[in-house]
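Hi,

Here is the structure I promised to pass on. Have a look at it first, and then read my notes below.

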Amino acid sequence: MGTSSFQAGAIVEIDKKPHQMLRMVDDKYWQLENIRTKRIQEHSILELHKLYATGTLVFASDRLVSLSQPDKSLGRKCGSLSEAEFEQAKLRRLYAMAVMDLPNTAAAFAPAISQVWHRVGKPSSMPHWTTVYRWKIKFQRAGKDVQALANNKQAQGNRSERYPEEVTEIVSNAVETCYLKQERKTIQDTLDYAIVAVRRENQLRPESMLLPLPTRRLLRRIIDAIPAFDRYAARYGRVAATKKFRSVQAHRTTAAPLERAEIDHTLLDMMVLDDKTGLPLGRPYLTACIDDYSRCLLGLKIGFEPPSYLTVAQCLKDAFLPKSGLREKYPNIRNDWDAHGVMRELVVDNGAEFHSVSLENACYSLGIEIHYSARKTPWFKGKIERFQGTLNRAVAHGNPGTTFHNIFEKEEYDPSKHAVVRLSTLKEIVHTWVVDVYHQKPHRTLNAPPAVVWKNSISIEDILLPDDPVLLNAIMGRSESRRLTHKGIELHGLFYNSHELTSLRRELGDKLDVEVRVDESDLGAITVFSPDKKRMFNVHSISPEYANGLSAWQHRVCKKFAARELGKYDSTAWLEAKMAISKLIEDEFMHKKQKTRTKIARFKGEPKQSPNESQTSLPQTFVEASPIHSVEPYAIENIVSSESPSIPGKRFKPLFRERLPSQLAEENADMVETKHD
């Protein structure tokens, strides 16, 4: 970098457009000419100073180095001279300064050059006056930048193209055809392709016009000329290239807790056992919500339900409400879990469970703004991604039953054989680690424990809570539109009615279109909103003995079982199917493989406990369960059995192989299924 001034003939760049300063019209205004368009502009000296101070105007010189458009002829960047090169440039500067104000003649230069050479004694021989003249011109054009006098060795050598244009085109085509593909062929494969193409071309040419064969150096030069991002995108995909070359320039910052939260799902890297039988079930899902400012975890959900709106709703309800009964549920936890409340912003990814009208209704009812991160950009919600990795490493990795991060790390280790942690124990471990370890350990970014940051940065009046916890269940339920008639409301084949709905019909009309909210973990009751959305009714099913405690997924299983095996389609048949499937699960759980047990664990779900029940107690059937997922009812197992001639298209699975076929037909009549399941 040299120095320049506002004077006639100076070249400046305004918004990267070259201008030449022509003349000063008066004491305050300069005329500038756009070198490309020849358009004349007038600027006051104050305007020029302001443009210069903001970086909009820069002086252009022969040694100007622009980071956006580097001058390739310079071969170096500012400040890149070695110590020897810098000493040589300073020596040449002495000679250039000695003749700076002299006429450009040999007679004028000779005495000054001789005087400098006798004083410093360098170089070994006195430089010729024409050499010093070139140094002087370089020095002047560069605005007296000493780097202009350094040797530019990069510019030495042959600069002409050594290969005919045809060879270069063939090699470029080989790069496009072979190298820049997602099959990711090697440079040698690309070179072989180019050599074969050149040889084919030479077969059509006379001997005097044969093309030279390309070399690896030529191929490498052509590949290196392609931008690194474009090369990586062509070979690995644009999403991978965007991730690899992403730049952290700014990120969303928050000033207080509950201003912003992030939520996501993950599979825990640990195989867990069934609490009742001790048999391996599989890897449970974790849904977690974290506060952006304090890094405190607001809520979590662990279970075998795949990511769905139900798991999101359960996690958010855990995040909203105080954890008042946590230490009674897990007596070994020493600290309190203070982080809770309704956040202002919720950051989610593009999973189907987050793109739903139900989530929008729930969040907007509580004043939460939903922010969707861009597709395949997990770093936009990096705090929850990092937390899930930290939890997996702390709780799962290195412990018996871990599945490791990927199959390559697992090698010959069998997680099923080494699993020792039961599902209820895993939940207690995770809650204990969150409350007593993660919240109490100083965070690397915060330089303080998350629990301390939470307590010191928020007061109780700043924590927003839902007005009515009972109403929260209705708000967080799945939204459906139904017609209210004299039969009540029909939902999934179940009917709901009450005296309040009858009064509503008498007031507003015989048939009403209403919005209902469904807690899919329990179809025993639904919430109905009046058409004007000003009134809300809690309506129970007219078949409570069947619907109470039944999840939507379990209901679908019972309906399909009753239709296929019993040939009936009413609530009585569904109740019969419910008990039959319950018996089937209880009888067959011990005989199934791990994958089957995972699906059965989803089917059984979590027990609904009274305050006096033990944490590890489980119900005898799935009647009290509350999961939801989309597994087909008889994807629970692949039954290997013999054909029965009495019932075409059916097959039976014996409980014990030593039993007689005559006994199996009576004992397993409710276990039939089609061959296609």
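Five strands form an open sheet in the order 4-3-2-1-5, with antiparallel pairing. Strand 4 (40–44) and strand 5 (57–59) are the edge strands, each pairing on one side only. From one strand to the next, the twist averages 40 degrees. Helix 1 (residues 45–53) packs on this sheet and touches strand 1, strand 2, strand 3 (29–34), strand 4 and strand 5; its direction makes about 90 degrees with that of strand 4. Strand 1 (residues 11–14) and strand 2 (residues 17–24) run antiparallel and are joined by four bridges. Val12 has His19 in strand 2 as its bridge partner.

A few words on terms. Helices (H or I, at least four residues) and strands (E, at least two) are DSSP runs, numbered from the N terminus. Strands pair if DSSP finds at least two bridges between them. Contact means heavy atoms within 4.5 Å, and angles run from 0 to 180 degrees between N-to-C directions, with axes fitted to C-alpha atoms (for helices, over the stretch in contact).

Please keep in mind that this is a predicted model, where local features need pLDDT of at least 70 and side-chain atom pairs count only at pLDDT 80 or more, while totals for chains, interfaces and linings use all residues. Residues are numbered from 1 along each chain as its sequence is written, and side-chain values use heavy atoms, leaving out hydrogens and water.

**The protein overall**

The protein has 24 helices and 18 strands. Of its 677 residues, 42% are buried (under 20% relative accessible area; exposed is over 50% and partly exposed in between, with a 1.4 Å probe and protein chains only).

**Salt bridges**

I count 21 salt bridges, meaning a side-chain nitrogen of Lys or Arg within 4 Å of a carboxyl oxygen of Asp or Glu. One of them joins Arg260 and Glu345, whose closest N and O atoms are 4.0 Å apart. Arg260 is in the loop between helix 9 (238–244) and strand 6 (261–267) and Glu345 is in strand 11 (residues 345–348), so this pair ties together parts 85 residues apart in sequence. Arg260 and Glu345 are both buried.

Glu385 and Lys381 also meet in a salt bridge (2.6 Å, N to O). Here Lys381 is buried, at a relative accessible area of 2%, whereas Glu385 is partly exposed, at 29%.
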